Amino acid sequence: MQCLIRLEKKFRKNSVFFLITILGFALLAASCKLKAEQKSLTSHFEMVDIQIGENQFGDAVKQLKKIEKQAYDVWSYIGIYKRYAQIGETKLAEKLLKKALKKNSRNPELKAIYSTFLMRQNRLEEAKKLAEDLHGTKY
């Protein structure tokens, strides 16, 4: 009976250790994947910046559309928006901002950028309405 109890305790101890080890590897793999995605996104942005610098706006737009599929946070969307705006693609820039706000509706940075975009398009009433949410923030 004592032997059986010792075996059961040892089995539980080994099972817990095994589960913790598996969970650790899963977290490590997820972390590595996110870092790889960040590096990949950064390299895509660098390529787009080169294309913009060489006035290859059509190629830059194609690349930005691919990058949109990889956007994983607010700052990714802002980086894409910035480049669309830089090359004068206002329709694509606005579409992207709307998409980003739909996914991150409470983000003040996105609201500030979109309200500024609307003001630059002389859509002052829309900008004013959106900017009301920014009252009391640093924007």
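Which helix holds the place of Glu94? The answer is helix H4, which covers residues 90-103. Helices here are DSSP runs of H or I with at least four residues, while strands are runs of E with at least two, and both are numbered from the N terminus. Before going on, keep in mind that this is a predicted model, where local features need pLDDT of at least 70, side-chain atom pairs count only at pLDDT 80 or more, and totals for chains, interfaces and linings use all residues. Residues are numbered from 1 along each chain as its sequence is written, and side-chain values use heavy atoms, with hydrogens and water left out.

Let's stay with Glu94. Its relative accessible area is 13%, so Glu94 is buried; the cut-offs are under 20% for buried, over 50% for exposed, and partly exposed in between, with a 1.4 Å probe and protein chains only. Leaving aside neighbours within four places in sequence, Glu94 is in contact (heavy atoms within 4.5 Å) with Tyr114, Phe117, Leu118 and Arg123.

Now hop over to Leu130, in helix H6 (residues 124-131). Leu130 counts as buried because its relative accessibility is 16%. If you again skip the neighbours within four places, Leu130 touches Lys111, Tyr114, Ser115 and Leu118. Two of those names, Tyr114 and Leu118, also turn up among the contacts of Glu94. Leu130 and Ala112 are 18 residues apart along the chain, yet 8.1 Å separates their C-alpha atoms.

Lys62, Lys65, Lys66, Lys69, Lys95, Lys99 and Lys103 form a positive patch. Helices H2 (57-70) and H4 each give two or more residues to the patch, and H2 gives the most, with four. Patch residues have over 30% relative accessible area and no salt bridge; like charges are joined within 9 Å, and nonpolar side chains (Val, Leu, Ile, Met, Phe, Trp, Tyr) within 5 Å. A salt bridge would be a side-chain nitrogen of Lys or Arg within 4 Å of a carboxyl oxygen of Asp or Glu. One of the patch members, Lys62, sits in helix H2 and is exposed because its relative accessible area is 57%.

Finally, check out two loops. Asn55 is in the loop between helix H1 (2-53) and H2, and Asn122 is in the loop between helix H5 (108-120) and H6. Asn55 has a positive phi of about 60° although it is not a glycine, and Asn122 likewise has a positive phi of about 60° without being a glycine. At 56% relative accessibility, Asn55 counts as exposed, and Asn122 is exposed with 60%.

Terms used:
Areas by Shrake-Rupley, 256 points an atom, 1.4 Å probe, with all protein chains shown as cover. Lys, Arg positive; Asp, Glu negative; His and termini not counted. Charge placed at Lys NZ, Arg CZ, Asp CG, Glu CD.
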